[in-house]
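Work through these exercises with the model open beside you. Try each task before you read its solution.

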Amino acid sequence: MPVFPLGTVLFPGLVLPLHIFEERYRDLVKHLLSRPDGDPREFGVVAIQQGWETLPTAQPPGPPTSPPPRLGPVPTTPLPPPPAAPAAPGDVALHEIGCTAELRQVTELPDGRYDIVTVGRRRFRVLSVDKTSEPYLMAEVEWLPEPEGQEELADLLAPRVLAVFRQYLTLIRADEQELTEQLPEDPTVLSHLVAATAALTLEDRQRLLATPDTAGRLGAELRLLSREAALLRQVRAVPVPLRELAVPASPN
């Protein structure tokens, strides 16, 4: 599967717009567009663990895709750290767990660059990276389906996370009512939305993506949100504009 290293973490169901300016990733978009109708137009998004993957270019990279800044110290959670990642081209190293991005909209610019809109679909683990067969990275992956057996716990945790998340939003947004009306009640969808929207570090987001099940993800988010809300009550600061908050994708 084609892999796109980025300085951000993508979650299933969340929208990720990208500005494609580097030649090899233009080739990737062309390859996806050339697939027959009905074939999946997906590539893997994997957060960069160390290094810088983009090659020198005269083209501007467009809007940054890094996560919003956070306030206060990084919370300490019992989540295990992600396993060691395989190496990528140059000096870059990738995290082991990523998420596929499905191509939804493509706008080709006059100079050959692309503005695309993608939606996260499914989590995967990188098993090996091939940096020679294509201009862009290719990876052998295994899919990480949502495990069964923790549904009751997830159903119990979801309302608590939703309540704390609403409180968190009231501390960072004057127009919180508009946003909370859109919040999902499905535990898995909620867990992904909270992970992508709250002002967390990339490491926090990566740990949440790597958490095997919804119940574990919600439990970790409950601790993270409680800490963030306590910090925000003390400093009364706004960490990120509303337009940068993640939003769930529409079904179509």
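**Exercise 1. The strands**

In which sense do S6 and S7 pair, and over how many bridges?

Solution. Start with the direction: S6 and S7 pair in the antiparallel sense. Then count: there are six bridges. Next, find one pair. Arginine 125 has glutamate 142 of S7 as its bridge partner. Last, look at the link. S6 and S7 form a hairpin, with six residues between them. Keep in mind that this is a predicted model.

Now find the strand that is joined to S5 by 10 bridges.

Solution. Strand S6 (residues 114–130) is joined to S5 by 10 bridges, and the two run antiparallel.

Which bridge partner does glycine 44 have in S5?

Solution. The partner is threonine 100. Strand S3 (residues 42–50) is joined to S5 by four bridges, and these strands run antiparallel.

Finish with S1. How many bridges join strand S1 to strand S7?

Solution. Two bridges join S1 (residues 2–6) to S7 (residues 137–143), again with strands that run antiparallel. Proline 2 has methionine 138 as its bridge partner in S7.

**Exercise 2. Helix H2 against helix H6**

Describe how H2 and H6 pack, using the angle and the axis distance.

Solution. Find helix H2 (residues 151–172) and helix H6 (residues 214–235). Their angle is about 25°, and their axes are 9 Å apart. An angle under 35 degrees counts as roughly parallel, so H2 is roughly parallel to H6. The crossing is left-handed. Now list contact residues. H2 supplies, among them, Leu153, Leu157, Val161, Val164 and Phe165. H6 supplies residues including Leu218, Leu222, Leu225, Ala229 and Leu232. Sort the contact by class: 16 residues are nonpolar, four are polar and four are charged.

**Exercise 3. Helix H4 against helix H6**

Are H4 and H6 parallel or oblique to each other?

Solution. Read the angle: helix H4 (residues 187–197) packs on H6 at about 40°, with axes 9 Å apart. The helices are therefore oblique to each other. Their crossing is left-handed. H4 makes the contact through Pro187, Thr188, Leu190, Ser191, His192, Val194 and Ala195. H6 answers with Thr214, Arg217, Leu218, Glu221 and Leu225. By class, this contact has six nonpolar, four polar and two charged residues.

**Exercise 4. Confidence**

Which element has the lowest mean pLDDT, and which the highest?

Solution. Begin with the whole chain. The average pLDDT is 80, and 74% of the residues score at least 70. Then go element by element. Helix H3 (residues 176–180) has the lowest mean, 52. Strand S5 (residues 97–108) has the highest, 97.

Where does pLDDT stay under 50?

Solution. Go to residues 54–90, where pLDDT stays under 50. The model has 85 contacts beyond four places in sequence for these residues. Where pLDDT is low, the predicted coordinates should not be read in detail.

Terms used: Residues numbered from 1 in each chain as written. Predicted model: local features only at pLDDT ≥ 70, side-chain atom pairs only at ≥ 80, totals over all residues. Heavy atoms only, no water. pLDDT = per-residue confidence, 0-100. Contact = heavy atoms within 4.5 Å. Axes fitted to C-alpha atoms, helices over the stretch in contact; angles between N-to-C directions. Parallel < 35°, antiparallel > 145°, perpendicular 65-115°, else oblique. Left-handed = near helix turned anticlockwise from the far one by under 90°. Nonpolar A, V, L, I, M, F, W, Y, C, P; charged D, E, K, R; others polar. Pairing = 2+ DSSP bridges.
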